[in-house]
Amino acid sequence: MDSFSSFFDSQSRTHWSYSTFKNFSQISPLVQSHLKRVYLTLCCALVASAFGAYLHILWNIGGYLTTFACFGTMIWLLSIPTYQEQKRVSLLMASAVFQGASIGPLIDLAIKIDPSVLVAAFVGTALAFACFSGAAMLARRREYLYLGGLLSSGVSILMWLHFASSVFGGSTTLFMFEIYFGLLVFVGYMVVDTQDIIEKAHLGDLDYVKHALTLFTDFVAVFVRILIIMLKNSAEKNEKKKKRRND
């Protein structure tokens, strides 16, 4: 927790101004061009995932099959040489469609309960992504890469908690702890992965497809958790309204 608090403390001590937001002098023009390709590819992947969620709403295709297909296409993508660019981009889009279909049941539930929650969750995720990625770009190079080990430990904790709840049964409190803790972990990954991509690009790794896949995974992980939190809050508000009406 001290590592996360140091991130926010360092940002609060920085004198933000319009010139500060334009200061990307530490990022070379080549890396800036690479980042543009990464974020453009990320946007296309998000559109593809939205299409996958729409397919689930139409034909109810989301489930374990699409989840396994998503992981399969990701592994296939990472096993292909970088010079096969068109094939790797196609696999990224296919993986995004399968990912969108996999979270389609959650999105369908949000539409039935309150469509505005879905929009708010996406906007909130996009704002968080923009803010934390921007902070990572403006920070000193490699400043937050040390958080990677801490975040990996957080993912391990999440996996063990999920395994324990699956075997021994879980409570609502444990589930919500997993959601909030997972949100904290993947928001941290937004910062770490952005700096990692910048550092790798400086060292000559310009694989924008793989880098877009990394950020896409972070985005979806944060979006799902924010949406679950907002749906829970919305359900609690609706229950309170019903109680008031009955009283």
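**Ground rules.** I worked on a predicted model, where local features need pLDDT of at least 70 and side-chain atom pairs count only at pLDDT 80 or more, while totals for chains, interfaces and linings use all residues. Residues are numbered from 1 along each chain as its sequence is written, and side-chain values use heavy atoms, with hydrogens and water left out.

**Ring pairs.** I paired rings of Phe, Tyr and Trp (its six-membered ring) if their centres lie within 6.5 Å, calling planes under 30 degrees apart stacked, over 60 edge-to-face and the rest tilted. I counted seven aromatic pairs by this rule. The pair of tryptophan 160 and phenylalanine 163 is edge-to-face because the planes stand at 90°, with ring centres 6.0 Å apart.

**Helix α8.** I found both residues in helix α8 (residues 147-168), three residues apart, about one turn of the helix. Helices here are DSSP runs (H or I, at least four residues), numbered from the N terminus. For accessibility I took buried as under 20% relative accessible area, exposed as over 50% and partly exposed as in between (1.4 Å probe, protein chains only). Tryptophan 160 is exposed at 61%, and phenylalanine 163 is partly exposed at 46%.

**Helix α9.** I looked next at phenylalanine 177 and phenylalanine 181, which are stacked, 5.6 Å centre to centre with 5° between the planes. They are four residues apart in helix α9 (residues 172-202), so about one helical turn separates them. Phenylalanine 177 is partly exposed, at 44%.

**Cluster.** I traced ring pairs linking Tyr39, Phe122, Phe129, Phe219 and Phe223 into a cluster.

Definitions and conventions:
Helix = DSSP H or I, 4+ residues; strand = E, 2+ residues; numbered from the N terminus.
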